[in-house]
Amino acid sequence: MTQERDPAFVRFAGIEKKYGRVVAVKPMDLEIPEGSLVTLLGPSGCGKTTLLRMLAGLETPTQGDIYIRGKRINDTPIHKRNLGMIFQNYALFPHKTIFENIAFGLKYRGVSKTDMQKKAEKALETVRLPGVGNRMPSQLSGGQQQRIALARAIVIEPDVLLMDEPLSALDENLREDMRREIDNLQQQLGVTTIFVTHDQREALSMSDKVVVMKDGFIQQQGTPEEVYNNSANHFVADFLGHSNFMVAVVGEKKSPFLEARLADNTLCLVSPAEDFAAGAKAEIVIRAQKMTLGYKTDFTRQAEMNYFFGKIVDRSYMGGEVSYFVELAQGQVLHVINFVKRAPYRRGDEVYIQVDPFHCRLLAP
Amino acid sequence: MKRLISGWTLIKLYTLLVYVWMFTPIVAVVILAFNPQQFGSFPMEGFSFKWFVKLSQNSTILDAFKNSMILGTLTAIFSTAVGVPAAMAFIRYEFRGKELINTLLIAPIMIPEVVLGVALLLFIRWLQQPKSFVMLVIGHVVLTLPYVLLIVQARLVGIKREYEEAALSLGASPFQTFREITFPLLAPAIFAGMLFSFTISFDDVTATLFWATAQNQTVPVKIFGMLRNSISPEINALGAVMIVLTVSTPLLAGYLTRRFARGTGK
């Protein structure tokens, strides 16, 4: 991203949405940089779609302001906002041809017939579906329909592209292709894009910035690496990827790490996410992929490493990697995902778990 | 052992009898319409269009027919003109008392026509207005509005809100969105609603008996009146015409709707 781009191209200021007594979006501020792809990520009912629809003009905020390019748009009706919108179920007009669908937005922008034809054809090429202009939407597959919807939205050269779970209606294999396609297209066009999803993989793989939401609140925002590796709280750590949580009491400082004592008195070295006072209650978060398993019989201690001992109680084979559930002596079951080196561990195997203190993050409970 | 008649054969036979029982009177009317004799009896002696010719020269029947056509057409127009916006409001918007108003508008379907007939008559009396053609149209609109509402609402539920939202986001004003998206998608239902209104209005006897004056008799009311005096074979001819009309209109409409629905996008 170049410097002269507006870091607050889209700006929500103290925005709030209530439906009667139910608060869908609690007062919040959010800035979307120009030309970036920002994902609103969260479980259903977290307010992400409401936020998007308020920007689109399909919902009216209870309070707060929305700005695009520094201009307040609260009172601009939806059809004057110049936004491209992509829906989960494509929403292609079923009674219009593909060409008529794509040219629809151009009709209201004073584009001449010949330009319309040219632009529509170019848009069809951009989404790699040239020559389908005369067909009806029902004659195309789901993936093709979503590409037409994309073409229809980008042909009007919108200020912001809004996507509301655009991949959820597609089947698994197609979703991956389509995700990459949207990503490439967004980079190529450089259009500011807001992408709403509940799928963390989509969010992590394509975003410049991820905004994790829950209960109408922004839990954390940052680059995919930031939110994944430095999750701000239990919810974010739990929602992104597979995490293990262990309750602990903060101990002494052992630079650069911190000591933490688990319920069964085991002492661990951890990386604190913030400042902790000794004796405070906290929570250790460990990603399932960051732990390494070994047979208990092969165990040798290395300095500055954390170890846990347990027994494999369950496993599921996922091809390249295996998901193990290891029950520790104190009863807690840890989820460990490891690549298969020689042969996968079996149920009942006595194992040790090794984990670098760098990957044991200490969060406030 | 040989079973003489199986269960299936019995069911088939029974079904056939039901159909015969249902349709024989109708078929008889159509056949007798071509009977040249004054008093219909089988076997027919000859074949003639005499009663149709007589029918076409009977000015009171022609008047009634004209009345019915005008009444049906006006009813269809007003019912859809009121019903379509009402259906839009009920499905697309939230407002207080929505359920109540909707139920009230659908209610005439459940209320016996006799009650409706008397009620409107009393209402008109209370307003100190004479029975008139306008009142007849209003009455028929009340009778047919529920059908338009139900048909259009059912279709509207099926038209996803996203189509309209997509059109709006692309720059079409709410009115342009209605004209370009909602209306074309709704057209088959509007058309069906009009047709229903017309057919119901054209067929109605009970309520119309209360509301019609001597000047604006409809065909069914006229037939009813003619039957009180004598059974003229003209009625058979009229019945035949009515059957052809009421059967062919929905068939034609169904055919047209399917052609529209298939829509080659103009």
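The structure is a predicted model, in which local features need pLDDT of at least 70 and side-chain atom pairs count only at pLDDT 80 or more, while totals for chains, interfaces and linings use all residues. Residues are numbered from 1 along each chain as its sequence is written, with chains lettered from A and ligands numbered from 1 in the order in which they are written.

Chain A is divided into domain 1 (10–237) and domain 2 (242–363), with bounds from an automatic or database domain assignment. The C-alpha centres of these two domains lie 39 Å apart. Across the boundary, 5 residues of domain 1 are in contact with 6 residues of domain 2 (C-beta atoms, placed from the backbone, within 7 Å). The domain 1 side comprises 1 nonpolar, 4 polar and no charged residues (nonpolar: Ala, Val, Leu, Ile, Met, Phe, Trp, Tyr, Cys and Pro; charged: Asp, Glu, Lys and Arg; polar: the others, Gly among them).

Within chain A, helix 2 (residues 98–107) packs with helix 3 (residues 113–126) at an angle of about 120°, their axes 9 Å apart. Helices here are DSSP runs of H or I with at least four residues, strands are E runs of at least two, and both are numbered from the N terminus. Axes are lines fitted to C-alpha atoms, for helices over the stretch in contact, and angles run from 0 to 180 degrees between N-to-C directions. Helix 2 is therefore oblique to helix 3, a term for angles left over once those under 35 degrees (roughly parallel), over 145 (roughly antiparallel) and 65 to 115 (roughly perpendicular) are set aside. Helix 2 contributes Phe99(A), Ile102(A), Ala103(A) and Leu106(A) to the contact, and helix 3 contributes Met116(A), Lys119(A), Ala120(A), Ala123(A) and Leu124(A).

Between the chains, the contact takes 20 residues from chain A and 17 residues from chain B. Helix 2 gives the largest share of the chain A side, 3 residues.

Technical notes: Two residues are in contact if their C-beta atoms, placed from the backbone, lie within 7 Å.
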